[in-house]
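Biologist: Could you take me through a close look at the aromatic pair in this model, and then at the charged side chains that pair up?

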Amino acid sequence: VRSINGFDIGLILKNALDKNLIIKGGGHKMAAGFTIEKRNLLKFEEFVNEKMGAEGWPLSSINLKISSI
């Protein structure tokens with residue numbers, strides 16, 4: 001996962017792990033990696049969108065893509 005300046009993707013993955021949305025993961029503010037079950041993909045996407053919205057990012061700036069399953 002690559003992030004954008006001002007959005008801490010490492011913290012988002014820690015929070016997703018705490019909520020059992022991902023199996024494992026970690027990283028830092030600008031890049032991270034994780035393992036997720038297919039059944040949680042939509043929940044994870046909604047979680048990231050919610051977090052970005054809560055931080056004031058417009059939904060049009062969100063470009064979440066899954067590149068490998």
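This is a predicted model: local features need pLDDT of at least 70, side-chain atom pairs count only at pLDDT 80 or more; totals for chains, interfaces and linings use all residues.

Modeller: The structure holds one aromatic pair. Its partners are Phe34 and Phe44, with ring centres 4.8 Å apart and planes at 35°. Planes under 30 degrees apart would count as stacked and those over 60 as edge-to-face, so this pair is tilted. Phe34 sits in strand β2 (residues 32-35), while Phe44 belongs to helix α2 (residues 41-54), so the contact ties together parts that are 10 residues apart in sequence. The two rings can also be described by their accessibility. Phe44 is buried, at 3% relative accessibility, whereas Phe34 has 25% and counts as partly exposed, because buried requires a value under 20%.

Now for the charges. Side chains of opposite charge can pair when their charged atoms come close. The structure holds two salt bridges. In one of them, Lys14 is joined to Asp18, and the closest N and O atoms are 3.1 Å apart. Both residues lie in helix α1 (residues 9-18), four residues apart, so about one helical turn separates them. Lys14 itself is partly exposed, with a relative accessible area of 47%. Another salt bridge links Glu37 with Arg39, where the closest N and O atoms are 2.7 Å apart. Arg39 counts as exposed at 61% relative accessibility, and Glu37 as partly exposed at 32%.

Methods. Residues are numbered from 1 along each chain as its sequence is written. Side-chain values use heavy atoms; hydrogens and water are left out. Rings of Phe, Tyr and Trp (its six-membered ring) pair if their centres lie within 6.5 Å; planes under 30 degrees apart count as stacked, over 60 as edge-to-face and the rest as tilted. Helices (H or I, at least four residues) and strands (E, at least two) are DSSP runs, numbered from the N terminus. Buried means under 20% relative accessible area, exposed over 50%, partly exposed in between (1.4 Å probe, protein chains only). A salt bridge is a side-chain nitrogen of Lys or Arg within 4 Å of a carboxyl oxygen of Asp or Glu.
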